[in-house]
Amino acid sequence: MIVGEMFLSAFLQALFQTLMSAPFNNFFKRRELNENVLERLNTVLLTISAVLIDAEEKQITNPVVEKWVNELRDVVYHAEDALDDIATEALRLNIGAESSSSNRLRQLCGRMSLGDFLDGNSENLEIRLEKVTMRLERLASQRNVLGLKELTAMVPKQRLPTTSLVDESEVFGRTDDKDEIMRYLIPEDANDNGLTVVAIVGTGGVGKTTLSQLLYNDQRVQSHFGTRVWAHVSEEFDVFKITKKVYESVTSRPCEFTDLDVLQVKLKERLTGLPFLLVLDDLWNENFVDWDLLRQPFIHATQGSRILVTTRSQRVASNMCSVYAHKLQPLSDGDCWSLFVKTVFGNQDPCLDQEIGDLAERIVHKCRGLPLAVKTLGGVLRFEGKVIEWERVLSSRIWDLPADKSNLLQVLRVSYYYLPAHLKRCFAYCSIFPKGHAFEKDKVVLLWMAEGFLQQTRSNKTLEELGDEYFSELESRSLFQKTKTRYIMHDFINELSQFASGEFSSKFENGYKLQVSERTRYLSYLRDNYAEPMEFEALREVKFLRTFLPLSLTNSSRSCCLDTMVSEKLLSTLTRLRVLSLSHYKIARLPQDFFRNLSHVRFLDLSRTELEKLPKSLCYMYNLQILLLTYCSSLKELPTDICNLINMRYLDLIGTKLRQMPRRFGRLKSLQTLTTFFVSASDGARICELGELHELHGKLRLVELQRVVDVADAAGANLDSKKHLKEIDFVWRTGTNSLESNTNPHRTQNEAEVFEKLRPHKHIERVTIERYKGRRFPKWLNDSSFSRIVFIRLRECHYCSSLPSLGQLPGLKELYISGMAGLRRVGTEFYFSDPQLRDRDQQPFRSLETLRFDNLSDWEEWLDGRVTSGDLFPSLKKLYILRCPELTRIPAFLPSLISLHIHKCGLLDFQPEHNVYSYGNLQTLSIKSSCDSLSTFPLSHFTNLINLEFDQCTSLHSLQLSNEHLSDLNALRNLRINDCQNLQLLPELNFLSQNLQVTISNCRYLRQPMEQQPQYHQHPQFHLPRSNVSGSPRSHASSTNMNSMESPAIIEDCLHI
C-alpha cells in the first residue's frame, strides 16, 4: 500500500534535528533549564506527531481542526526562527573572530562554538523556547476535544473504481493518441518478444483512463486479444487482490484460492496459449519488488500479449520496464469546447447569448485542456441559465466548487496526498508562482534551499543534488510540466498547491485581492502588472515574512521602479526574510546599512538592477547562500569583506563590469557554483585562490588571464582537482591601456607555460578558449584521456599559427574555430598528435558532428588527410566554412555530411562538375558570395538535397539536370537563387511539385523564356511580380526565409525572362 506522509512532519523533523544536534544537546545537558524544557519539548512534539495524520485528513472538512493545524504550523515557524537567531549570532561571532586583524583579540575570542555561545545566552533562549513549549502544550491538550486519533499511516478514502465501459460520444480529441498507442498494442511487425508493457502517463484528470477505455473497447483490440482484463488498482497495490481479480476475469468464476503461490500458478496455466490484454488502471506503487512479484504469471505469456498501464508517475512506467510511455497532453481548446457543450447542454442545441457565450469561452480556457475539469465545471453549470452562476464558476477555485457536484479537488488531491513529507513542503511552496508562470528548475531548487526544505539526513548528496532529485520526483508525478526550457504547473495543480499552503502563502495576481495576515510567510507578486499595482501598504502587518519574490509572467528583461515604501520602510522590518528579490528594479544605489537587519536571508537576487556598488552591510548577511548579480551591467566591484560570507554556495556574476575579485576570495569554500572569476592585477585575488574552492560545479569562466604571470599561481588554482566542473571558459583580454605586452616573445612563452598549468580535470565536457596570447596550445588539449569533452571553441587566438591536435579526442562532437588571424594551414597535426598514429587503427574525429570555421582571413590550405583504417570525420553532419577568403579547397570525402554552408569564400574551388565529392547524404547546401570558379552546378550529383541556395555567386552560369536524372530530385523542397548576375540557364523543371518552393530574384541575365517552363504556370499560386523590378530585390531576398515561402514559385527582377 502507498503510505502518504504528513505535511507537518517535515516541519517537526527539521525542528527535531536542530534541537537534537550536538551543540544544542550538549547545551541542554550542561544547564538545567526551568522545568526541564528539553524533555517537555520532546514529549509534546511526540504527542502532537501521533495525531498529525488524523489532523491533516480532518482539516479538509473540519474548520476547527484546520485552525488547530495552522496554529501548530505557526508555532513551529516561531521555533525555527528562535533557533535560527541563536545559530546566526554564533556564526557572526566566529566570523568576527576569524576576520579580526588583532592577534590578541583572536586569542581572546578563539573560535567560539555554538555551545559556548548558548551558555552565554541561555536566558534569552530559555524564555523563547518556554513560550514555544507552552503554545505546543496548549495545542496538545486540545487533541482529545477535537477528536484527533493516533494513526500509524494515512489511509485514503475509497474512491469509486473505474470500469472498462465508456461513452465514446463524450470523448473528443484523442484519435491521434489512440492510433499512436495502438501501434504498440498491435504492432505491424510480427516479431514479438512475448509480454510487452505500454504506459499512459499524465497528470490527474487529463484523460488517461478514458483513453485506455477507448483502446480496450476498440474492435481491433477485441479481435486481436483472446482475453481482455480490466483491473482498477488505484492507491492500494495488493498483489493478491490484483492477481485474484485477473484470475476471476479470465475464468469468469469466483476465485477460491487463498494462497498467492497457488493462485499465480493457476493463473499462469490459464493464460498459456492465449494472447491477452491486461489493463492496470491508476497505478501508483513505485516499488519495483511489488511489481516484479505481480508480473510473475505473465512473464512467459503468449506472443503478442500486452499490459497497458495508466499512471501519473513516470517512475511507475520506468519500473514496469514499459517499451513505450505515452505522455498524454491536455486537449486543445476546440476539443475542450466540444466536451463542454456536450456536458452542459447534452444533445440540445446550445443557444448561448453573447454574455454567457463569452463566459463559457473563458471557463473552457480556464480548464487548460483538462477533460476532468471541463466535465466538472460543465456539470456544475448543466442547464444553468443565470449569468451570476456562470460568473461564480469562472472566478471559483477548486475548493470553492460544491462538493456534491465536483470531485475535482478529490481527484487532484490524491497526487498531493501520497507525496513524502519533504516533497509536500516543496510542492506547497510553489503556490507562490502565479498561474501561467514559467519557472526554471535551478531557480526553484535554490529557493527550496534558502527556505531550508532540503534535508541531508543520512545522505551524502549535496543540497543541490537533493533539490534536483526532489524536483525530478515532482515532475515524474506530473505535478510539473516541461516546456522548451522551463516548467509550468497546470492552473488546477497551481490551485492544489495553494490549497496545501493555506494562509501561509499569498500572491497578488489576476486582480484577486491580496489576502495576507500575520501568519503569511511567503509572498509573490507580478512586478510589471501596472494595471493593478501591488498594495504594499497591506504588508505592514506581515511581520514574519520569509519570502519576498517579485515575478514576471513574460520573463522579460524590462526594468521597473521600486515603490519607495518598500525600499525605505517595509524591507527593514522584515527581519525574518530568507528569500529576497529586487531583480529587474531600477535601483542605482542602496544605503550602506540596507541589509544590516536581514541576517537571515539565504537567497538574494539583485540581477538586472543598476547598482554600481553593493552596500557594505551585505557582508553581514552571514547566512547568505545564493547571490545573483546577473546582468548588473553597472556593477564594477564586489565588497572587500564578501569573503566573510562563508556559507555562500551560488554566486552569479554573468554580465557585470567587474575587473577583479577581492582578496581572500578563497575563503568561500562552500561555493558550488561560481559563474565567473576575474583574475586580479595587484590588489585583488590571484588565480591561486581558486585552489581552495574544491566543490565547484557546472561552468566556470576565467577572465583576465593575461594577468597571470606566475606559473606557480596557475598551478595553485588546482583546476585538475575540480572533478565536478563540466565547462570552463579561458578568456584573455586586451586593450589599448593594457600594461601587458603581447609582442614580447618571452611574454608569449610565459602565456603558454601558464596555460599548461591550467589543465582541468579529465571529467571536463566543454572548453572555450578566447584571445589566448600564447603561440602554441597546451599539450593537455590533445590528450585523449579527456574522453568526456564534447565541445571546444577556439576564438581569436591570433598568435597561434597551427591548430591543436584535436582529432584524437574520442567524444568531441562540436568544434568551432574563429578569428585566428595567424592560421594559414590545417594539416595532419590537426588529426594526429604524432604523424605515426596514421599507421594505427584510429579514426580522427570519430564523434565530431558539427565543425565551423569562421573569419579566418589568412587560411589558405586544408589538407585532406589519409588514414589506414576508417575515414576522417566519419560522423560529421554539419560543416560551416564562413569568411575564409583565401581557402582553396575542402575535404572531398565526407560520407555523413548533411548540411554544408560556404559563405564569403571567394577562392574556394568547389566544382562538383569536375571534382568528385562524396557527399551522398547532403540535404542542405548554401553557397553565398563564394566559389568564384563555380560556373556550372550539376544537380544530379546531389540527389538527396532538400534545401539548395545560391546567393551572389558571380560566375554561376547554369544549373544542369539531364532528363534521365529528373526523378532523382524528388527530395528537393526549397530552391533559392539570388543575385547571380551571370545565371542564364535553368534545367527543365518538370519535376516541380506542390512541395517545392522556388525563389529566383535579381538574376538579370536568366534568358530561359517562361513559355518553356509551363510547370510554373500550372501552380494556382504562381505569380510574376513585374512591379517589383525597380524595387530592391536583394533586400527582399535576404528577408525571405527559404523554408517559409507562401507561394511555391516566385521570380523577381529577372528582366530577360
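These notebook entries record what I looked up in a predicted model of a protein structure.

**Entry 1. Ground rules**

I number residues from 1 along each chain as its sequence is written, and side-chain values use heavy atoms, with hydrogens and water left out. Since the model is predicted, local features need pLDDT of at least 70 and side-chain atom pairs count only at pLDDT 80 or more, while totals for chains, interfaces and linings use all residues. Helices (H or I, at least four residues) and strands (E, at least two) are DSSP runs, numbered from the N terminus.

**Entry 2. Helices α20 and α22**

I looked up how helix α20 (residues 421–429) packs against helix α22 (residues 463–476), and found an angle of about 80° with the axes 10 Å apart. Axes are lines fitted to C-alpha atoms, for helices over the stretch in contact, and angles run from 0 to 180 degrees between N-to-C directions. The angle makes α20 roughly perpendicular to α22. For this wording, angles under 35 degrees count as roughly parallel, over 145 as roughly antiparallel, 65 to 115 as roughly perpendicular and the rest as oblique.

Which residues in α20 and α22 meet? From α20 I noted H422, L423, C426 and F427, and from α22 I noted Y470, E473 and L474. Contact means heavy atoms within 4.5 Å. The residues of this contact divide into 5 nonpolar, 1 polar and 1 charged. Here Ala, Val, Leu, Ile, Met, Phe, Trp, Tyr, Cys and Pro count as nonpolar, Asp, Glu, Lys and Arg as charged, and the others, Gly among them, as polar.

**Entry 3. Aromatic pairs**

A pair of aromatic rings is described by the distance of the centres and the angle of the planes. Rings of Phe, Tyr and Trp (its six-membered ring) pair if their centres lie within 6.5 Å; planes under 30 degrees apart count as stacked, over 60 as edge-to-face and the rest as tilted. By this rule I record 44 aromatic pairs.

I took Y429 and Y522 as one example: their ring centres are 5.1 Å apart and their planes stand at 80°, so the pair is edge-to-face. This pair links distant parts of the chain, with Y429 in helix α20 and Y522 in strand β9 (residues 522–526), 93 residues apart. Are Y429 and Y522 buried or exposed? Y429 is buried at a relative accessible area of 2%, and Y522 is buried at 4%. Buried means under 20% relative accessible area, exposed over 50%, partly exposed in between (1.4 Å probe, protein chains only).

F830 and F845 are both in the loop between β22 (825–826) and β23 (850–854), 15 residues apart. F830 is buried at 0% relative accessibility, and F845 is buried at 1%. I also noted that F830 and F845 belong to one aromatic cluster together with Y831, F832, F853, W859, W862 and F873.

**Entry 4. Charges over rings**

The charged end of K424 sits over the ring of Y417, 5.9 Å from its centre. The charged end of R793 sits over the ring of Y816, 4.9 Å from its centre. The rule requires NZ of Lys or CZ of Arg within 6 Å of the ring centre and within 35 degrees of the ring normal.

How many residues of helix α9 (residues 208–217) are buried? I found 7 of its 10 residues buried, and the helix is mostly covered. The buried residues are K208, L211, S212, Q213, L214, L215 and Y216. They pack against α8 (175–185), β1 (196–201), α10 (219–224), β2, β3 (276–283) and β4 (306–311).

In strand β2 (residues 227–234) I looked up S234, which is buried at 8% relative accessibility. Not counting residues up to four places away in sequence, S234 touches R159, D281, D282 and W284.

**Entry 5. Residue D854**

D854 lies in strand β23 and is buried at 13% relative accessibility. Leaving aside neighbours within four places in sequence, D854 is in contact with I817, S818, G819, L882 and R883.

**Entry 6. Positive phi**

Most residues other than glycine have a negative phi. R664, although not a glycine, has a positive phi of about 60°. R664 lies in the loop between β14 (650–652) and β15 (673–674) and is partly exposed at 36% relative accessibility. For F845, I noted a positive phi near 55°.
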